[in-house]
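Please keep the sequence and the coordinates at hand while reading.

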Amino acid sequence: MKKLGILVALFASGCATTQTSVQPADAFFGRMSELCGKSFNGKLAAGDDSDASFASAKMQAHVRTCTDREIQISFDVGEDRSRTWIITRTDDGLRLKHRHMLKNGTEDPVSQYGGDTTQAGTATRQEFPVDDYSKMMFTKEGRTVSNTNVWAFEIEPQKTLTYELARPNRLFRVAFDVSNPVIGANE
């Protein structure tokens, strides 16, 4: 009887102390959610000659739509307001998609590209390798150079939010100052 009492006590104590650890993707999504409803100025942090228009343009990120499963960030470059980044929770991590709209309000043929996280990442950085849908679309649209893309978002709390596109011989980064939200820009 004494042995049974000890076993029951050990079992109960093991059950009572179980804690759920926060996964890096969940912590990252939580940090991104803290930016909801705010807008931020950005600047080109890395690029090449093909990015000259970004270097001289006013860039802003508007974290407009946030739910417990999805965050949408409009990315304005000068007067071009055609881009939206969509970060969605999946069963295995996070998904990033890029939505591009034409001036007439219809979706661009090169849109909805991106990928899912394939590694745990960290609470401050998540990477999204190109998915099969995107590779098929890039090939169809004659943009096979993008078939090796890896996108990333980094967040340094109270400092910067950085968007990144990387592939062989290409690195593009835009850093947004989250320490100084733009007042009245999230319209």
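## Strand S3 and its partners

Tryptophan 85 in S4 is the bridge partner of isoleucine 73, and S3 and S4 run antiparallel, joined by seven bridges; strands count as paired if DSSP finds at least two bridges between them. Strands themselves (E, at least two residues) are DSSP runs, numbered from the N terminus. Two residues separate the strands in the hairpin of S3 and S4, where glycine 78 takes a positive phi near 60°.

Strand S2 (residues 59–66) also pairs with S3, in the antiparallel sense and over seven bridges, and histidine 62 stands opposite serine 74 in S3. The hairpin that S2 and S3 form has three residues between them. Seven of the eight residues of strand S3 (residues 70–77) are buried, where buried means under 20% relative accessible area, computed with a 1.4 Å probe on protein chains only.

## Basis of the model

This is a predicted model, in which local features need pLDDT of at least 70 and side-chain atom pairs count only at pLDDT 80 or more, while totals for chains, interfaces and linings use all residues. Residues are numbered from 1 along each chain as its sequence is written, and side-chain values use heavy atoms, with hydrogens and water left out.

## Aromatic pairs

A search of the whole structure finds eleven aromatic pairs; rings of Phe, Tyr and Trp (its six-membered ring) pair if their centres lie within 6.5 Å, with planes under 30 degrees apart counted as stacked, over 60 as edge-to-face and the rest as tilted. The rings of tryptophan 85 and tyrosine 163 are stacked, because their centres are 4.4 Å apart and their planes lie at 15°. This pair links distant parts of the chain, with tryptophan 85 in strand S4 (residues 80–89) and tyrosine 163 in strand S9 (residues 160–167), 78 residues apart. Tryptophan 85 is buried at 3% relative accessibility, and tyrosine 163 is buried at 6%.

Tyrosine 163 also forms an edge-to-face pair with phenylalanine 153, at 5.5 Å centre to centre and 65° between the planes. Phenylalanine 153 lies in strand S8 (residues 150–156) and tyrosine 163 in strand S9, so this pair ties together parts that are ten residues apart in sequence. Phenylalanine 153 is buried, with a relative accessible area of 0%. One aromatic cluster is formed by Phe54, Phe75, Trp85, Phe153, Tyr163, Phe172 and Phe176.

## A buried loop residue

Threonine 117, in the loop between strand S6 (113–116) and strand S7 (125–129), is buried with a relative accessible area of 11%. Leaving aside neighbours within four places in sequence, threonine 117 is in contact (heavy atoms within 4.5 Å) with Asp92, Gly93, Leu94, Gln126, Glu127 and Phe128.

Technical notes: Helix = DSSP H or I, 4+ residues; strand = E, 2+ residues; numbered from the N terminus. Buried < 20%, exposed > 50% of the residue type's maximum accessible area, 1.4 Å probe, protein only.
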